[in-house]
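Subject: Structure for you to look at

Hello,

Here is the structure I promised you. Please open it and keep it on screen while you read.

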Amino acid sequence: MVHFLSYTALSFGLAFSVTSGAPSRRSMALLDQRELPDYFAHAGTPSPDTLINLKIALTANSMPGLEQRFWDVSTPGNALYSQHLSFEETKAFASPAPETVSAVTAWLNENGINNFTTTGAFDDWLSLTIPISTVNSLFDAEYQIYIEIGGPTQLIRTLAYFLPVDLQQHINLIYPSTDFVRNIQGPKLRTSVVPGSSYNNTANARAQEIPFSCKTSINAMQASNTLGVSGFIEQYPQMADLKRFLTDLRPDIPISTTYTLQSVDGGSDPQSASKAGIKVNLDIQYTVGLATNVPVTFISVGEDNIDAIEAFMDLMSDIHAQTTPPSVLTTRYCNLTKPISILWLTLLLFSSGDGGVSGSQSQFCAI
């Protein structure tokens, strides 16, 4: 589960006009590189005029300070334990310094790039759409087309990129660049009745003797709290399944208890048995069932994004922008690539995913 640093949200934006010009050359240094993952193959070179939606992550004003505060508020016994930051306090750590914004925007302007916007809850991303040829020139990169072996994913990525030496302290990363994320679809729920099974609701389970050590229980019943459950890759909970869950396992609370829907990137929640997702159906049922009387919101993240990394970034940006975000967000999905890890520092706790730091499934991880 994720305990958020509580705050009230603000939003900002800057827009610039378009000019043209040849990139100015500076002394360059490698920022990131990797080998091609064994589950992708090279599939050609994109046309130089192919447009790419690029995001430049500006360095936080005090990432070490934010990380230290993260551990302070998370560690029992620490003098700052549970003293979560407000949005403005978090912003003071996470936002780029004025000199960072000035240095990077001046460099882009020198190279004829003025058509970009400032995005992100902390004004820490510059978003722009430029040709592949310009990206390659700016970052001494070589963006190529890659396809997933045996899968549907096709990406335009580079295996290395460079930054001007004098800007390395101001730019944390560019995206997309060296990230390779497969479009893994989640399993759908399939049920069947096993002949001779002793299960016929949960009467048998309730009849079993409860061990003495388990007879003391703790219920989360603070209605002023709020819980968020995020869902990705077309995983949808079903209200009918939740109703049955409560009937069988929580008959002490109304079976009408349900959740509200919040959409990110065109997310939805179709209600049909064929759309039931194993993961998020379970998440909703146990969240509602354990957190008695606590309002629950299902945050459905749709497909209006580049890949799983941008989906997580959009989820975090959406939550940061809320006036009253969930007190706790729970998810069984995770992608711990660098841009996501930066966003997690503005939270308190988060899951590591099925494959740990390697992502949704076990695989090689070079982070």
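Below is what I found, element by element.

First, a caution: this is a predicted model.

**Helix α3**

Start with helix α3, residues 98-110. The helix has 13 residues. From first C-alpha to last, α3 reaches 18 Å, close to the 18 Å expected at 1.5 Å a residue.

Which residues of α3 are buried? They are Thr-100, Val-104, Thr-105, Trp-107 and Leu-108. These residues cover an arc of only 155 degrees around the axis, so they sit on the same side of α3. The face turned away from that buried side carries Pro-98 and Glu-99, which are exposed.

What do the buried residues of α3 pack against? Their partners include the strands β4 (51-58), β5 (116-119), β6 (125-131) and β10 (171-175). β9 (160-164) and helix α4 (132-139) are also on the list.

**The four-stranded sheet**

Now turn to the open sheet of 4 strands. Its order is β5-β6-β4-β10, and the pairing is antiparallel. β5 and β10 are the edge strands, as each pairs on one side only. Neighbouring strands are turned by 25 degrees against each other on average, direction ignored.

Two helices lie across strands of this sheet. α3 lies across β4, β5, β6 and β10, and runs at about 155 degrees to β4. α4 lies across β4, β6 and β10, and runs at about 120 degrees to β6.

Zoom in on the edge strand β5. One face of β5 is covered and holds Phe-116 and Thr-118. The uncovered face holds Thr-117 and Thr-119.

How many bridges join β5 to β6? There are 4, and the two strands run antiparallel. Thr-119 has Trp-125 as its bridge partner in β6. Thr-117 stands opposite Ser-127 in β6.

The hairpin of β5 and β6 has 5 residues between the strands. Gly-120 in this hairpin takes a positive phi near 95 degrees. Asp-123 lies in the loop between β5 and β6 too. Asp-123 has a positive phi of about 55 degrees, although it is not a glycine. Is Asp-123 buried or exposed? Its relative accessible area is 16%, so Asp-123 is buried; the cut-off is under 20%.

**Helices α1 and α2**

Next, find helix α1 (residues 63-74) and helix α2 (residues 87-94). Their axes come within 7 Å and cross at roughly 135 degrees. That angle makes α1 oblique to α2. Which residues meet here? Met-63, Gly-65 and Leu-66 in α1 meet Thr-90, Phe-93 and Ala-94 in α2.

**Helix α6**

Helix α6 covers residues 239-249. Its buried residues are Leu-242, Phe-245, Leu-246 and Asp-248. Seen down the axis, they fall within an arc of 170 degrees, so they line one face of α6. Ala-240 and Arg-244 are exposed on the other side of α6.

How many residues of strand β13 (residues 296-301) are buried? The count is 6 of its 6 residues. Val-296, Phe-298 and Ser-300 point one way from β13. Thr-297, Ile-299 and Val-301 point the other way.

β13 pairs with strand β11 (residues 227-231) in the parallel sense, over 5 bridges. Leu-227 has Val-296 in β13 as its bridge partner. Another 5 bridges join strand β12 (residues 260-264) to β13, and these strands also run parallel. Leu-261 has Phe-298 in β13 as its bridge partner.

Step into the loop between β12 and α7 (278-290), where Asp-265 is found. Its phi is near 55 degrees, a positive value in a residue other than glycine. Asp-265 counts as buried, at 16% relative accessibility.

**One last stop**

Go to the loop between β10 and α5 (203-207), which holds Pro-176. The peptide bond from Tyr-175 to Pro-176 is cis, with omega near 0 degrees.

Best wishes

How values were computed. Residues are numbered from 1 along each chain as its sequence is written. This is a predicted model: local features need pLDDT of at least 70, side-chain atom pairs count only at pLDDT 80 or more; totals for chains, interfaces and linings use all residues. Side-chain values use heavy atoms; hydrogens and water are left out. The expected span of a helix is 1.5 Å times one less than its number of residues. Buried means under 20% relative accessible area, exposed over 50%, partly exposed in between (1.4 Å probe, protein chains only). The arc is that of the directions from the helix axis to the C-beta atoms. Contact means heavy atoms within 4.5 Å. Two strands pair if DSSP finds at least two bridges between them. Axes are lines fitted to C-alpha atoms, for helices over the stretch in contact, and angles run from 0 to 180 degrees between N-to-C directions. Angles under 35 degrees count as roughly parallel, over 145 as roughly antiparallel, 65 to 115 as roughly perpendicular and the rest as oblique.
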